[in-house]
Amino acid sequence: MKYRVMMAALLAIIASPVCAAKLSGTPQILDANMIEIEQTRIRLSGIEAPETDQICLDAHGRKWACGVAARDALINYSNGRIWDCQTAGVDKYGRSLGSCFIEGQDVNAWMVSSGWALSSDPSTHVYVINEVVASNAFAGLWSGAFITPWDWRHRNKSTIVVGASSVPNKAQELLLGSALLSDPPSPDCLIKGTVDGTGERTYHSPGQISYGQIDMTKKPAERWFCSENEAEAMGWHRAAR
């Protein structure tokens, strides 16, 4: 009998949501998909937003810093208000996964409806309708052409460029060129992230000896960050020098 009770308790622990918690507060917004409340980093679940170094094309085929714009849109929407977040589980970087609300409004849904994020969970299709609304309105990313956030991280010559209407003929050339990230996407995003042959992720801040030695058009240069907190939340660590 005692064994059965112990097994039932163990199964209950296994079945319960990992690291489930409720958090409230005014967040620090690290990027369009990640915030921090009470020293807990939360990744908005069910959606995929562009990272701060992502570049898109506008309605006229011109490049623009859509990742920074998406982050800034979330900052403006938040406007110093209190967020209420329900977390359940963590991702591979140890960030809590959560659904968040501002005054009862689903922030995750708002990001997709406004065109600043895409629905990322095909098994539940929670935010697919919101994505259709954004696409039909040519809102946010849908105002031009872009690479989906999950493809942007591993883009190559076969990566598909998408958009709500026609995609410019030179879209792939513009968004997949080796020199695309030679300059930071914003004057505020000056931290360089690199990945070496062993997969170690290191970021280099202005003023460090290694900073000027990194050519962002070549590997192992990888991406730009707007803050050290953002870089560390994404799994990078500060270079020794």
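A charge sits over a ring if NZ of Lys or CZ of Arg is within 6 Å of the ring centre and within 35 degrees of the ring normal. Arg81 meets this test: its charged end sits over the ring of Tyr77, 5.1 Å from the centre. The model is predicted, so local features need pLDDT of at least 70, side-chain atom pairs count only at pLDDT 80 or more, and totals for chains, interfaces and linings use all residues. Residues are numbered from 1 along each chain as its sequence is written, and side-chain values use heavy atoms, leaving out hydrogens and water.

**Charges and rings**

- Arg155 also lies over a ring, the face of Trp152. The distance to that ring centre is 3.7 Å.

**Aromatic pairs**

- Rings of Phe, Tyr and Trp (its six-membered ring) pair if their centres lie within 6.5 Å. Planes under 30 degrees apart count as stacked, over 60 as edge-to-face and the rest as tilted.
- The structure holds four aromatic pairs.
- One of them joins Trp142 and Phe146, edge-to-face, at 5.0 Å centre to centre and 85° between the planes.
- Trp142 is buried, with a relative accessible area of 10%, and Phe146 is buried at 0%. Buried means under 20% relative accessible area, exposed over 50%, and partly exposed in between (1.4 Å probe, protein chains only).
- Phe225 and Trp236 form another edge-to-face pair, because their ring centres are 4.9 Å apart and their planes lie at 70°.
- This pair links distant parts of the chain, 11 residues apart. Phe225 is in strand E16, and Trp236 is in the loop between helix H7 (228–233) and strand E17 (237–238). Helices (H or I, at least four residues) and strands (E, at least two) are DSSP runs, numbered from the N terminus.
- Phe225 is buried, at 0% relative accessibility. Trp236 is buried too, at 7%.

**The sheet around Phe225**

- Four strands make an open sheet in the order E16-E14-E15-E17, with mixed pairing. Two strands pair if DSSP finds at least two bridges between them.
- E16 and E17 are the edge strands, and each pairs on one side only.
- Strand E14 (residues 191–195) runs antiparallel to E16, and four bridges join them.
- Ile191 stands opposite Phe225 in E16.

**Backbone exceptions**

- Most residues other than glycine have a negative phi, and most peptide bonds are trans.
- The peptide bond from Lys219 to Pro220 is cis, with omega near 10°. Pro220 is in the loop between strand E15 (201–204) and strand E16 (221–225).
- Glu38 has a positive phi, near 50°, and is not a glycine. Its place is in the loop between strand E3 (34–37) and strand E4 (40–44).
- Gln39 lies in the loop between E3 and E4. Its phi is positive as well, about 65°.
- Glu38 is exposed, with a relative accessible area of 57%. Gln39 is exposed, at 76%.

**Around Thr26**

- Thr26 is in the loop between strand E1 (21–25) and strand E2 (28–31). At 45% relative accessibility, Thr26 counts as partly exposed.
- Thr26 touches Gly80, Arg81 and Ile82, not counting residues up to four places away in sequence. Contact means heavy atoms within 4.5 Å.
- Thr26 and Lys157 are 131 residues apart along the chain. Their C-alpha atoms are separated by 41 Å.
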